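Please look through the sequence and the model shown here before reading on. The text below takes the sheet and then the aromatic rings.

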Amino acid sequence: MDIFNKSQIHLISHYYHLDHTATSLRSSGISAALDGRHKSVGFGTDLVMDYRLSDEWQGMSSLFGQSKLKLSLGHFIAGSAYGAAEGDQSIRAYSEFQFKF
């Protein structure tokens, strides 16, 4: 959804399900062990905003150049593949500022 002239905001949801049971998620960067019996990894939601400063603030484009601000907030609920940790929740926040001159 466009919220300004050249900026966007997205609400994204994912349901993660394994094809085959596993005891870990290799190469995912997630260190929590899976139970090896269940396939439901969990449910995640991300709110992502891309804000192009130079496009939104036309009068200040020389100050901001091609600058962008990206904000992301994510929420995850563990599924049955995490065994006793099923239902545990985690929140992640990320921000990135690109300044080109």
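What follows describes the strands, their pairing and a group of aromatic side chains.

This is a predicted model, in which local features need pLDDT of at least 70 and side-chain atom pairs count only at pLDDT 80 or more, while totals for chains, interfaces and linings use all residues. Residues are numbered from 1 along each chain as its sequence is written, and side-chain values use heavy atoms, with hydrogens and water left out.

Strands here are DSSP runs (E, at least two residues), numbered from the N terminus. Two strands pair if DSSP finds at least two bridges between them. Four strands make an open sheet in the order β1-β2-β3-β4, with antiparallel pairing. Its edge strands are β1 and β4 (89-98), each of which pairs on one side only. From one strand to the next the twist averages 15°, taken between axes that are lines fitted to C-alpha atoms, with angles from 0 to 180 degrees between N-to-C directions. The antiparallel pairing of β3 and β4 runs over 10 bridges, and Lys68 stands opposite Gln98 in β4.

Rings of Phe, Tyr and Trp (its six-membered ring) pair if their centres lie within 6.5 Å; planes under 30 degrees apart count as stacked, over 60 as edge-to-face and the rest as tilted. The count by this rule is two aromatic pairs. The ring centres of Tyr16 and Phe76 are 6.3 Å apart and their planes lie at 50°, so this pair is tilted. Because Tyr16 lies in strand β1 (residues 8-17) and Phe76 in strand β3 (residues 68-78), the pair ties together parts that are 60 residues apart in sequence. Phe76 also forms an edge-to-face pair with Tyr82, at 6.4 Å centre to centre and 80° between the planes.
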